[in-house]
Amino acid sequence: MMNRAEDTESTDDTPTCLSGQTKTSSSRDLTQEEQGRFKTERVLVSEFKQIKLEKEARKNWDLFYKRNATNFFKDRHWTTREFEELKECREFESQKLVLLEAGCGVGNCLFPLLEDDLNIFVYACDFSPRAVEFVKQNPLYCPERCCAFQCDLTKDDLTGNVPEGSVDVVTLIFVLSAVHPEKMKLALENINKVLKPGGVVLFRDYGLHDHAMLRFKAGSKLGENFYVRQDGTRSYFFSKEHLAQLFKEAGFVSVVNDYVLRETVNKKEGLCVQRVFLQSKFTKAALPQVS
């Protein structure tokens, strides 16, 4: 299995435009050694344990935040730089936007957004009740500008907290990978209900053949491209084709869907490692014009 330090989104997901980072239509090529490892990786975690992990998914994320509080992930000040759509989707500069941050964690994306842009209101939800409490305890939390609530995107109807068809932009950043593959479509259909026609989903998550995927040890594999960490949290690694199909089935249209390849230095081991992410943009189909 792999621990969180080896998978660390806290240090390796920040997509600043460094040399060695490129956007491309295909994932990276595997070395012969890596190809051999995948071919021999056939044994899956037992069905009993997989059922237990699914039942305890919320508890495992709550324990993660209990251990790490607000210290694990870095604030994501890169969001408005990488996703220019946050500004470009306005019809005029002073237009107030309504956002939903699906899977807000402890607010590492939420609070930089609120600081960077005074003309937004943000709904923020997370699977972990403890994470939501950390958000509400943050000195920057202001009910006039944001509303945080606990939600399981795969079964709790978002319209209980967010008016249907009211959201301009949804951010889904390193969230869908933590959802069981069989329930991903449910989460996307839930998000679709609160998004305006023509509204945008901004997506970033782990891509196929990312270094974190290759670091999992025997006994960690739950299914194709799906693994469990030592702390019981899980991670899926997306191909762009699978991601596009998921969004299409949930009623979205693909606008941008690219791999981001990035070399980062693992300071602990002194290694240069290959990170692979998917950065994508999808829209909800606009309503047909009535003649």
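The model is predicted. Strand E6 covers residues 195–206, and it pairs with strand E5 in the parallel sense and with strand E11 in the antiparallel sense.

**Strand E6 and its setting**
- Of the 12 residues of E6, 9 are buried, so this strand is largely enclosed by the rest of the structure.
- E6 also belongs to a right-handed β-α-β unit, together with E5 and helix H10 (residues 184–194).

**Partners of E6**
- Strand E5 (residues 167–173) and E6 are joined over 6 bridges in the parallel sense.
- To find this pairing in the model, look for Val 169, which stands opposite Val 200 in E6.
- The antiparallel pairing of E6 and E11 runs over 7 bridges.
- Here, Val 201 has Phe 282 in E11 as its bridge partner.

**Gln 279, within E11**
- Gln 279 sits in strand E11, which spans residues 271–284.
- Its relative accessibility is 5%, and because buried means under 20%, Gln 279 counts as buried.
- The side chain of Gln 279 makes a polar contact with the side chain of Arg 204, at 2.4 Å.

**Ala 285, after E11**
- Ala 285 lies in the segment after E11.
- With 43% relative accessibility, Ala 285 counts as partly exposed.
- Leaving aside residues up to four places away in sequence, Ala 285 touches Pro 197, Gly 198 and Gly 251.
- Ala 285 and Gly 198 are 87 residues apart in sequence, yet their C-alpha atoms are 5.6 Å apart in space.

Note on methods
Residues numbered from 1 in each chain as written. Predicted model: local features only at pLDDT ≥ 70, side-chain atom pairs only at ≥ 80, totals over all residues. Heavy atoms only, no water. Helix = DSSP H or I, 4+ residues; strand = E, 2+ residues; numbered from the N terminus. Buried < 20%, exposed > 50% of the residue type's maximum accessible area, 1.4 Å probe, protein only. Polar contact = N/O pair within 3.5 Å; in protein donor to acceptor, adjacent residues only side chain to side chain. Contact = heavy atoms within 4.5 Å. Pairing = 2+ DSSP bridges. Right-handed = clockwise from strand over helix to strand, strands pointing away.
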